[in-house]
Amino acid sequence: MNSIPTSRRGFLLSLAACVALPACGDAEPPPSDPCMDVRSLSDPDRATRTTTNYVAESPFKDMKCDTCQFWLRPAEGAPCGGCVIVKGPIHPGGHCTSWAPA
């Protein structure tokens, strides 16, 4: 069977596939914890998560995101809330250095 495209359209489709497929492999896979999915955040917002030492599991028993004054409650049924300071999805049991009692 002939594997060389015989039409201009076939050639262009093959060329497009060769260009597009390698790019698909560069996409960052979603993390297993939805509260750590930062793919949609800007670089500065990702940097804030790093500089505030945000973690999804607090090392402190009484200092968790859902007891912080900056905590934003999740939407009904959503696993992740938000934060006034740290952008992106925030785990209720998480922690960062900006934690302040509510």
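Cys35 is buried at 1% relative accessibility, where buried means under 20% relative accessible area, exposed over 50% and partly exposed in between, with a 1.4 Å probe and protein chains only. Its sulfur atom lies 2.2 Å from that of Cys80, and the two residues form a disulfide, a term that stands for a pair of cysteine sulfur atoms within 2.5 Å. This is a predicted model, in which local features need pLDDT of at least 70 and side-chain atom pairs count only at pLDDT 80 or more, while totals for chains, interfaces and linings use all residues. Residues are numbered from 1 along each chain as its sequence is written, and side-chain values use heavy atoms, with hydrogens and water left out.

**Cysteines**

- The structure holds one disulfide, and the link of Cys35 and Cys80 is left-handed, with -105° about the S-S bond.
- Cys35 lies in the loop between helix 1 and helix 2, and Cys80 in the loop between strand 1 (71–72) and strand 2, so the pair ties together parts that are 45 residues apart in sequence; helices (H or I, at least four residues) and strands (E, at least two) are DSSP runs numbered from the N terminus.
- Cys80 is buried, with a relative accessible area of 13%.
- Cys83 is in no disulfide, and the nearest cysteine sulfur, that of Cys96, is 5.7 Å away; Cys83 is buried at 13% relative accessible area, and Cys96 is buried at 8%.

**Around Pro34**

- Pro34 lies in the loop between helix 1 (8–24) and helix 2 (43–51) and counts as partly exposed, at 44% relative accessibility.
- Not counting residues up to four places away in sequence, Pro34 touches Pro79, Cys80 and Pro89, contact meaning heavy atoms within 4.5 Å.
- The C-alpha atoms of Pro34 and Pro89 are separated by 7.4 Å, although these residues are 55 residues apart along the chain.

**Charge pairing**

- Arg39 forms a salt bridge with Asp37, their closest N and O atoms being 2.8 Å apart; the term requires a side-chain nitrogen of Lys or Arg within 4 Å of a carboxyl oxygen of Asp or Glu.
- The count by this rule comes to one salt bridge.
- Both partners are partly exposed, Arg39 at 39% relative accessibility and Asp37 at 21%.
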